[in-house]
Amino acid sequence: MVRTTIAALTALAVLALAGACADAPEAGPPAAVVVAEPVAVDKASPPAVPAPPAADLAALPVVDLLHVVPGLPGTDGLPQRANDDPALGRWQTAVVVRDTAARAAPAGTPVGVVPALTLEVRTTLPVIDQRGRWLRVMVATRSALPSQDVAQVNGRSVWIDAGDTEAAGTDWTIAVDVAAQTITVDDGTTTHVLPVKATGAPATPTPHVPAFLLGTRWLEPGTTTPRVLLLSTQSETIDHYDKPTGTAVTAIHTTTLRGTGAVSNGCVRVSDEVLDLVWQAPAGTVVTTVG
């Protein structure tokens, strides 16, 4: 009985396997697919980018190191933006090609005018943010004097229309260490750590706020500052020490003075050899201070 049952089950298994391995029955012809006639539809044009609010530039204060413009926003700690096009330089800058309105927010109400020229050189500004056509840039402008509100002296920014600028960039970064009395210069390929002669005194410190090179290179032979590279920051303890300009602008410069260490009004004094190197850095290069 058991052998008969096993034989029967084996026969059924063989038949099942044979059925599983057999070719599937041929399918009938596929149903016809009807393709609808193409329908012509007019495509809507993309919405136009709204033009920036009109501004009477002549009625606005000038956003540069010679003027105090209240109410400019800070940088919110944003670093210089990496360039979308590295061929222009690792870090993004914007060259102002025509006077342009400065705004506290993208497409916001104008609060000033950024000139195309600053001290007779092209205005070149580090970019720290971008939203479409709007660039947020660092500016060399005080929003208050030190005697009024030291927090508003340095580290200001504005939004400008990219249409009024030329895309540019820099591979350079510069850092001053006032504790170590050194300057670190990185041109994008080589890093140099070099000594400085002097930095700000305790009562008139070198501002610890990111600055940038304005691109202004002064030659003043016969003075205590023979060669000068102007920075965007100004003293945070002195309202004015440069009588002709009414500013307290800081700089990296050579010197005939003998004092060394923390003795200056905030400027960074260096040797001719160090300035020869920094002299090559393009406008818009950011300079940080630590220590």
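**Entry 1: sorting residues.** Before reading any linings, I noted the classes: Ala, Val, Leu, Ile, Met, Phe, Trp, Tyr, Cys and Pro count as nonpolar, Asp, Glu, Lys and Arg as charged, and the others, Gly among them, as polar. I also reminded myself that this is a predicted model.

**Entry 2: the second largest cavity.** I looked up the second largest cavity, with a volume of about 60 Å³. Its lining holds 7 nonpolar residues, 4 polar ones and no charged ones. Among the residues that line this cavity I found Val-176, Pro-207, Leu-231, Thr-250 and Val-287. Strand 15 and strand 19 each give at least two residues to this lining.

**Entry 3: the largest cavity.** How many cavities of 30 Å³ or more does a search of the whole structure find? I got 2. The largest cavity has about 100 Å³ of space. Its lining includes Asp-64, Thr-124, Leu-125, Val-139 and Phe-212. Two or more of the lining residues come from strand 6, and likewise from strand 14 (211-219). By class, I wrote down 6 nonpolar, 4 polar and 1 charged for the largest cavity.

**Entry 4: Leu-125.** One residue from that lining got a closer look. Leu-125 sits in strand 6, which covers residues 124-131. Is Leu-125 buried or exposed? Leu-125 counts as buried because its relative accessibility is 4%, and the cut-off for buried is under 20%. I then listed what Leu-125 touches beyond four places away in sequence: Gln-92, Thr-93, Ala-94, Val-96, Val-114, Val-137, Met-138, Val-139 and Phe-212. One of these, Ala-94, is 31 residues from Leu-125 along the chain, yet their C-alpha atoms are separated by 5.3 Å.

**Entry 5: strand 1.** Strand 1 (residues 91-96) is largely enclosed by the rest of the structure, because 6 of its 6 residues are buried. I checked which way they point: Trp-91, Thr-93 and Val-95 go one way, while Gln-92, Ala-94 and Val-96 go the other. Strand 1 runs antiparallel to strand 6, with 3 bridges joining them. Here Val-95 has Thr-124 of strand 6 as its bridge partner. Strand 1 is also antiparallel to strand 9 (residues 165-170), and I noted 6 bridges for this pair. In that pairing, Thr-93 stands opposite Ala-168.

**Entry 6: the largest pocket.** Next I turned to the open spaces. The largest pocket holds about 380 Å³ of space. Which of its 17 lining residues lie nearest the centre? I found Thr-225, Tyr-241, Val-249, His-253 and Cys-267 there. Strand 16 gives the most to this lining, 3 residues. The classes here are 8 nonpolar, 6 polar and 3 charged.

**Entry 7: the second largest pocket.** The second largest pocket has about 330 Å³ of space and a lining of 25 residues. Nearest its centre I found Leu-78, Gln-80, Met-138, Pro-210 and Val-286. Two or more lining residues come from each of strand 7 (134-139), strand 15 and strand 19 (286-290). The largest share, 3 residues, is from strand 15. Met-138 had already come up in my notes, as a contact of Leu-125.

Conventions
Residues are numbered from 1 along each chain as its sequence is written. This is a predicted model: local features need pLDDT of at least 70, side-chain atom pairs count only at pLDDT 80 or more; totals for chains, interfaces and linings use all residues. Side-chain values use heavy atoms; hydrogens and water are left out. Helices (H or I, at least four residues) and strands (E, at least two) are DSSP runs, numbered from the N terminus. Buried means under 20% relative accessible area, exposed over 50%, partly exposed in between (1.4 Å probe, protein chains only). Contact means heavy atoms within 4.5 Å. On a 1 Å grid over the protein atoms alone, a cavity is a set of points where a 1.4 Å probe fits but cannot get out, and a pocket is an open set with protein on both sides within 12 Å along at least five of seven lines; lining residues have an atom within 4 Å of a point. Grid points are joined across faces, edges and corners, and a volume is the space filled by probe spheres set on the points. Two strands pair if DSSP finds at least two bridges between them.
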